[in-house]
Amino acid sequence: MRVERLSNLSDIVAAAIDWTPLVRGVPFRRPQWFVPWFASYAPGELYMLSAYDGDRLAGLLPLYRSRSTAKGNVLRLLGDGEVCTDYCSVLAAAEDLPAVCAAIGEWLTDAATSTADGWDLLELENIDAADEGFALLRQAMETAGNLLHERDALQCWRLELPETLEEYEASQSKSHRKQIRRFYKRTLDTDRAQLHVCDTLADLPKAMDVLIDLHMRRRRSLGQPGCFASPKFAQFLHSAAAELIRIGKCEIIWLDLDQAPIAAEIHFLGDSIPFCYQAGVDPDRLTEDPGSLMQAAIIRRAIEQRHTAIDFLRGDEPYKAHWRATPRRCIHLRATPNRASAKVRHGLWLAGQEVKNWVKTGLNIAPAE
């Protein structure tokens, strides 16, 4: 395979590349996610690696390159930082993954010492530990002599769904099963409640206003700034939501109770899985349990739509386990080229990690009586 680097955003837009065969059902791997992110954050140079089998686009690795005094030239995944993009991967159809990863691993190894494409650190944030693409890329880079290091990151959580709501309820504890049924009988299935679904551009401004209002009021009630306090994040999410709604891969759902919104979520849609990206609840109506009402409504709707799972993305918030989602291990993966300056930086970083771990361990040890 032949590997080329795209270094300008206009290259991607002008090429009108159809990535649909490469994303394997994950909305965060689409250009409608990456392009708004890069335009909003402008973090450095685009470093998009494309692999071709003849003239056919077989695979992509969506990276950017930034410069750090301590780390040198650093390659990172598009969508990292405060946006928290989960389930990134080497983009390729399953049958092309081995060849694409081998070619990109070889290209990166050779590029490390080049003037135009050189790098000192490849830093992959919060990737799925079981991701086949990154496992193959790691193998290729280790075989070529690069240095690899991993450490645990925040877990992602996924709720596998049965075919019927009755089966889902039966999987819960007796007390939770009774609680879920009360949510439906006493609230969700009464005239008090109405579930709204925004999946068109025309409804997007109103739905986004509801989401932002509930999210920000709840975060502020907890003494936190909230995601939308970042102008770059707000700009990005508005753009990404609009782009993905256009192709049927985004929805905003909110729940009215007594004709006023009490909970809202934005979902980005895979082939059979909604990915729950951001949410908010009314802090003045917590006695109504808006978060739990929303989860009950979303789970029932997903089962009715024949979805196979709901993904709650990264973070170990207790409600995820409470609703019987299961964790998926994620890692931070670092690769450094096998040359003196990069190895020195890597060694200093490892030493720093050891000191941090030692301090953390020391603080957790109770003093002797």
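**Exercise 1.** How many salt bridges does a search of the whole structure find?

*Solution.* The model is predicted, so local features need pLDDT of at least 70 and side-chain atom pairs count only at pLDDT 80 or more, while totals for chains, interfaces and linings use all residues. Residues are numbered from 1 along each chain as its sequence is written, and side-chain values use heavy atoms, with hydrogens and water left out. Taking a salt bridge as a side-chain nitrogen of Lys or Arg within 4 Å of a carboxyl oxygen of Asp or Glu, the search of the whole structure finds 32.

**Exercise 2.** Locate the partners of the salt bridge between Arg5 and Asp117, and state whether they are buried or exposed.

*Solution.* The closest N and O atoms of Arg5 and Asp117 are 2.8 Å apart. Arg5 belongs to strand E1 (residues 2-6), whereas Asp117 sits in the loop between helix H3 (97-111) and strand E6 (121-128), so that the pair links distant parts of the chain, 112 residues apart; helices (H or I, at least four residues) and strands (E, at least two) are DSSP runs, numbered from the N terminus. Both Arg5 and Asp117 are buried, where buried means under 20% relative accessible area, exposed over 50% and partly exposed in between (1.4 Å probe, protein chains only).

**Exercise 3.** Classify the accessibility of Arg217 and of Asp284, which meet in a salt bridge.

*Solution.* The N to O distance is 3.4 Å. Because Arg217 lies in helix H7 (residues 204-221) and Asp284 in the loop between strand E12 (274-281) and H9, the pair ties together parts 67 residues apart in sequence. Arg217 counts as partly exposed because its relative accessibility is 27%, and Asp284, at 65%, counts as exposed.
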